[in-house]
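Below are some notes on the model you sent over.

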Amino acid sequence: MRRLTRAEAGAGDASPVRVVHLGLGAFFRAHQAWYTHRANTADPTGEPAGIVAFTGRRPDAARPLADQDGLYHLLVRDRDGDRTELVTSLSGAYDGADAKRRDGALADPAVSTVTLTITEAGYLRAADGAPDLADPRLAGDLERLRAGDSAVSTAPGRLLAGLAARRAADAGPLAVVPCDNLVDNGATVARVLTGVAEAVDDGLAAWVRANVSFVSTTVDRITPATTPGDREVIASLSGFADQAPVVTEPFTEWVLAGDFPAGRPAWEHAGARFVDDVRPFEQRKLWLLNGAHSLLAYAGPTRGHETVAEAIADPVCRGWVDAWWDAAARHLALDAADIAKYRDDLVERFANPRIRHALAQIAMDGSQKLPIRVLPVLTRERADGVLPEGGVVALAGWLAHLRDGTRVRDPRGEELLGLADGPVDDVVPRVLAVLDPALADDAELLAGVREKLTELAR
Ligand SMILES: NC(=O)c1ccc[n+]([C@@H]2O[C@H](COP(=O)([O-])OP(=O)(O)OC[C@H]3O[C@@H](n4cnc5c(N)ncnc54)[C@H](O)[C@@H]3O)[C@@H](O)[C@H]2O)c1
Ligand SMILES: O=P(O)(O)OC[C@@H](O)[C@@H](O)[C@H](O)[C@H](O)CO
């Protein structure tokens, strides 16, 4: 089996770095790095863009990629078979704790763009969307940033330390492009970053306002965590002992709105769409795809399922998802035919038996995800006097997941486990109040969730 290096793969030299990425994980490799790779290869006469990527919390993901000169394979799986693609756009992969290299990359005037996949929880927002300055991790970073120390640990802290270095180097403006499943993610990260900057230094906050463009995006490509078995498949298909492959589906979408003051890779060559407003795409994706994912992630295990494909094949789960989609569709400002086609495609994508997307992975961080994926539809339905079955199942499933307690991974996990313990009548209002205090005042909703929770527990 051959070792994967640029020389062995005939991949040419690494491209000059134009993009910095924070949150080196599976999705970045299946999506933003792939778009950049495709944009580079679509126009061999254009100047290729390289990416230097930093891990978020642990160094692990960077090491095998560094050993492979940034190269890795995508294993693109559809119902009928596998194909592999070697991705060549990664010019460097480093531990996010490497402050010197991180600041150096962000202070490079040749860098025009910063992309982010730091998870919903990584933005460290308070309930009002401002940065949660009381969070001890962020509070610690603030002290270090005020002292000019870049050895910070949070994603907003690291991005801001790099921007302070860019300001000091007079390296010019750039675009920040969040690629996490958030509502209006450009404005979200702008609020967090400027809020943290204001708490550090007014001059830095003014520089951020004047020099950083926050681009909003809708991103889509179902990308489960890679397993050792996936590595074996890649090895047999490619002949390389790739230690950092990623499995993904053929479908991919990237919709962006915002300015790129220092330029950007020609992602449109790979199919990215640049629009004035991402909202219609965002609501369609977050409500229909991610909302159904979360519903299945919590309610699916109560029926013995472990993956999305297993759950969507179960007529009961499929019925819940259809009910959810009917409710969401009532509030989408889109053509009925578009919605019907999107739903049909989603059923195909969810049912892809060759993508083993673990419900437990999707279930992580429910306190951060449900307000984005489920509550917007639920609250609109309640305002219309409707009790939507899909929304009730999603909430009751989340409660069942918390009461089971064995798989809870959530930044508010400890608090939620405590609140979820006790008689159902007490638990339902106090847990739902964590998502939105108004839910605990909605007697009809509480009764519906209580009843469904009892049914799921059976
Ligand atoms: N996987 C998908 O199908 C998919 C699709 C669309 C969008 N996304 C977005 O991408 C994000 C990452 O997904 P992934 O599949 O790459 O996951 P992953 O676990 O492979 O990688 C996550 C990355 O985020 C970092 N991270 C995790 N928690 C963090 C925190 N609190 N602060 C800073 N960094 C943190 C990790 O260190 C890692 O670098 C998702 O949370 C989602 O918002 C994922
Ligand atoms: O990646 P997360 O953790 O935000 O959510 C899990 C899935 O719902 C999500 O990753 C979808 O697979 C993805 O959004 C599809 O594009």
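1. The protein splits into domain 1 (6–276) and domain 2 (280–457); these bounds come from an automatic or database domain assignment. This is a predicted model, in which local features need pLDDT of at least 70 and side-chain atom pairs count only at pLDDT 80 or more, while totals for chains, interfaces and linings use all residues. Residues are numbered from 1 along each chain as its sequence is written, and chains are lettered from A and ligands numbered from 1 in the order in which they are written.

2. Between the C-alpha centres of domain 1 and domain 2 the distance is 29 Å. Domain 1 puts 18 residues into the contact and domain 2 puts in 20 residues, where two residues are in contact if their C-beta atoms, placed from the backbone, lie within 7 Å. On the side of domain 1 that touches domain 2, strand 3 (72–78) and strand 9 (216–220) each supply at least two residues. Helices (H or I, at least four residues) and strands (E, at least two) are DSSP runs, numbered from the N terminus. That side of domain 1 is made up of 9 nonpolar, 3 polar and 6 charged residues. In this classification Ala, Val, Leu, Ile, Met, Phe, Trp, Tyr, Cys and Pro count as nonpolar, Asp, Glu, Lys and Arg as charged, and the others, Gly among them, as polar.

3. Residues 18–268 are 37% helix and 22% strand, with the end C-alpha atoms 16 Å apart. Residues 277–404 are 74% helix and 0% strand, with the end C-alpha atoms 41 Å apart.

4. One open sheet has 6 strands in the order 5-2-1-6-7-8, with parallel pairing; two strands pair if DSSP finds at least two bridges between them. Strand 5 (90–94) and strand 8 (212–214) are its edges, each pairing on one side only. The twist in this sheet averages 20° from one strand to the next, with axes taken as lines fitted to C-alpha atoms (for helices over the stretch in contact) and angles running from 0 to 180 degrees between N-to-C directions. Strand 6 (residues 113–116) and strand 7 (residues 174–178) run parallel and are joined by 4 bridges. Leu 116 has Pro 178 of strand 7 as its bridge partner.

5. Strand 3 and strand 10 are parallel and share 3 bridges, with Leu 75 opposite Val 247 of strand 10.

6. Ligand 1 has 23 residues around it, of which Gly 25, Phe 27, Gly 56, Gly 122 and Asp 180 come nearest. A residue is near a molecule or strand if its C-beta atom, placed from the backbone, lies within 6 Å of it. Helix 2 (residues 26–30) provides the largest share of this shell, 3 residues. By class, the shell around ligand 1 holds 10 nonpolar, 9 polar and 4 charged residues.

7. Where does ligand 2 lie relative to the two domains? Domain 1 (6–276) and domain 2 (280–457) both give residues to its shell, so ligand 2 lies between them. The residues surrounding ligand 2 include Glu 120, Asn 181, Asp 220, Arg 221, Asn 290 and His 293. Helix 11 (residues 279–299) gives the most to this shell, with 3 residues. The shell around ligand 2 consists of 4 nonpolar, 3 polar and 3 charged residues.
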